Structure formats: structure tokens, C-alpha cells
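This report describes the pockets, the ligand site and the cavities of one structure. The sequence and the model are shown first.

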Amino acid sequence: MQQITIEQLKTEIRAVWHEAWDSGRTDALDSLFTDDYQRVSANSGRTMTAEETKAEINEIRAAFPDLTTTIDHILIEGDQGAIYWHSEGTFTQPLNDVPPTGQPVTTHGSNLIRLEEGRIAREEVTWDAHELLADLGLKSLSSAFEAQPEVVTDDLSGEPSADALKAFNRQFITGVTVVTTTDEDGKPRGLAVNSYNSVSLDPPLVLVCVQKTSSTYPALFRSTHMGINIMSRNQRDTIGTFASKAADKFAELDWHKGASGSPLIDGSAASIEVEIKERFQALTHTVFIGRVRSAEASEDEPMIYKAGRFFDSEDLTSLN
Ligand SMILES: Cc1cc2nc3c(=O)[nH]c(=O)nc-3n(C[C@H](O)[C@H](O)[C@H](O)COP(=O)(O)O)c2cc1C
């Protein structure tokens, strides 16, 4: 390729990039991409067509409406090249079901490109939308986003059926917690959760997994703190309320605020207030990891939950 052609190509890449990423005119990419263009994420291995790439640009621009992208360097040698870039924008609309934080973010990436007759046939991108969320401190569990095999040939390969997994889960006994927070209007919010687990004592870390469709989820996602209340054997009705979609789940309850404002439910077997440290994105759920800031426990025995039913823990038979 002649020197002048390389310079022309660099100018075109800059112009088209600006059109697509900064102005949303993604059809401008058509002049730059070959007909069988492929964009491969170096992180996830996912391959996208030109149309899928345009759709992703539009999704990202919708989430970051003030997005500006700068090409820092373009290197071209033979039929290969590299584009180094960074983007800045404010996270104002949901992205991949992740609620916006309102925070500004700067993210960097580099694209290894393969050229065919002066057009880009393939890009290998060291960046994807997960990287952008990671730059906001919102990490993804990449295993949750792995593509599923399309055909399940037998029960010995791939993954167990949903029924087999449910049968396994039914054999696991847990307590029940109510996870609480306050929403933007200062209203107490909460839901029943049995995915609570203690991560470590030192540092004092705990986790809960919350479904993204939960009406409590957006408020919880924005919160700096959450309350976790272990339900006692006397709180069967309270569990019912917090496993429902009732408009005001706290209306009939006695509760108080923890030091950081999280609602703590009176009569619980125990309650903690947790500073939320991590919000790991799984596909349908977010894993919240938090550092315990205060803890209170009563003498009341906890509720037991097994296979969709609740049990009294008072008269358990000890095996030792
Ligand atoms: C025993 C029990 C355990 C539950 N555990 C969880 C859980 O770990 N994570 C979750 O997202 N939902 C869990 N749920 C379901 C929610 O409590 C339920 O979907 C609730 O209606 C959500 O309310 P919301 O949409 O108002 O937030 C559990 C429900 C019950 C009864």
C-alpha cells in the first residue's frame, strides 16, 4: 500500500469513527467495513457482524448520551493495523440491564484490524460493553455471559436440566433474610432473600444475589448500604410480605434505621448493616458483596427454609 493511501485510510477511519461513535450515524461504517466484516471481542470471544456492531454502538450511545471518542493512535503496516482509542461519557441510561449510576467514565481500548483492499475485514477488540461497566466499578462474572451450546445431545455433556438443578437446590437448607434499603424518595424497600452467605469474618464480608427484575433492585443498586435481616421463626407473615410485590411492605411493621439509614426489621433473629462494595453482574442477577458495618442479634430462633417450605428451628435434634 502506498504511503498516501495509508494516510487517506487513517483520515477515513477517524472521520467514520467520529460519525458512528460521537454522532450515532452508524451507517457511515458501511464505507469502511467489508461485506463480511467481523468484530471479535478479545475478552469474551464473541463475534459480531457489522449490523450487530452498529446495534452495540447505539446501545452504548443510549446509555452514555454525551459519549465522545478520541482516536489516540492509528498504526498501519501491510494488511494489518491497530487503533488505540479512549471514550468519555456519563452513565445515564441502563446498559445490559445495569441501572445507570450517573457517574462519568473514561474507558480505553485498542482494535487490531485486518485490511482487505483498503477496508476493514476484521477487528479484534480488547474491549466490550463489560469493560465499560468494569471501568465504572461494575464487574461482570464472565461465566454468566458465556454463549450456551445450541443443541444438548445428552445428559452427560453440557449442563444439567433446570429440573435437575432445582432438585439439587431443594436439598439445600437455608435461613431466610430480608434485604432492605431506601429508594430515592427515602421510602423503605426490601425483598425476601435466601441467597445470603457469609464470605469471610476478617474482613467481615457477606454476599446476596438479587434478581434484576426485582422492584427493589434499582434502589438497591444505587444504595451505598443495605440491611440484611435474618427472619426469626415468628416472622412467617413478614417473609410472605417481602416475597410479594406489595406496594408498601413496611406499612404493618415495626422497624428502625441502622447507623447508615438501612431499614432494620424489629423482631428479626439478627440484623446487620452492610456497606455495598461490589456489584458483580451475572446475566439475570447481581451479586452484591458488602462489608458489615454493624450487627445485632436476638435470642429468637431463626426460620428454616427447605424446598419451598418453612420450618421452625426451635426443636431441632442435635446429632452431636
Ligand atoms: C424463601 C425465599 C427466598 C428468596 N430468595 C431470593 C433471592 O435470593 N434473590 C432474589 O432475587 N429473590 C429471592 N426471592 C424472591 C423475591 O423475594 C421475590 O421475587 C419478591 O417478590 C421480590 O420483590 P420485589 O420485586 O418487590 O423486590 C426469594 C423468595 C423467597 C420466598
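## Second largest pocket

The second largest pocket has a volume of about 740 Å³. A pocket is an open set of points on a 1 Å grid over the protein atoms alone, with protein on both sides within 12 Å along at least five of seven lines; lining residues have an atom within 4 Å of a point. Grid points are joined across faces, edges and corners, and the volume is the space filled by probe spheres set on the points. The pocket is lined by 30 residues, of which S44, R46, D128, H130 and F145 are the closest to its centre.

The model is predicted: local features need pLDDT of at least 70 and side-chain atom pairs count only at pLDDT 80 or more, whereas totals for chains, interfaces and linings use all residues. Residues are numbered from 1 along each chain as its sequence is written, and side-chain values use heavy atoms, with hydrogens and water left out.

At least two lining residues of the second largest pocket come from each of β1, α2 and α3 (129-135). The largest share, five residues, is supplied by α2. Helices (H or I, at least four residues) and strands (E, at least two) are DSSP runs numbered from the N terminus. By class, this lining comprises 13 nonpolar, seven polar and ten charged residues. Here Ala, Val, Leu, Ile, Met, Phe, Trp, Tyr, Cys and Pro count as nonpolar, Asp, Glu, Lys and Arg as charged, and the others, Gly among them, as polar.

## Largest pocket

About 950 Å³ of space lies in the largest pocket. Its lining consists of 35 residues, with A192, V193, N194, S195 and C209 nearest the centre. The elements α4 (162-170), β8, β10, α6 (236-242) and β16 (303-306) each contribute at least two residues to this lining, which has 16 nonpolar, 15 polar and four charged residues.

## Ligand site

The shell holds 17 residues, and the closest are S195, S214, S215, T216 and K245; a residue counts if one of its heavy atoms lies within 4 Å. These residues divide into eight nonpolar, seven polar and two charged.

Polar contacts are pairs of N or O atoms within 3.5 Å. A polar side-chain atom of S214 lies 2.6 Å from an oxygen atom of the ligand, and a side-chain N or O atom of T216 is 2.5 Å from a ligand oxygen atom. N194 places a backbone N or O atom 3.0 Å from a ligand nitrogen atom. Taken alone, the ligand exposes 650 Å², of which the protein buries 84%; accessible areas come from the Shrake-Rupley method with a 1.4 Å probe.

## Cavities

The structure holds two cavities of 30 Å³ or more, a cavity being a set of points where a 1.4 Å probe fits but cannot get out. The largest has a volume of about 60 Å³ and is lined by residues including W17, W21, F33, R39 and E123. At least two lining residues each come from α1 (3-23), β1 (33-41), α2 (50-63) and β6 (119-125). Seven of the lining residues are nonpolar, one is polar and two are charged.

The second largest cavity has a volume of about 30 Å³. W21, I60, W85 and W127 are among its lining residues, which divide into six nonpolar, two polar and no charged.

Key. Polar contact = N/O pair within 3.5 Å; in protein donor to acceptor, adjacent residues only side chain to side chain.
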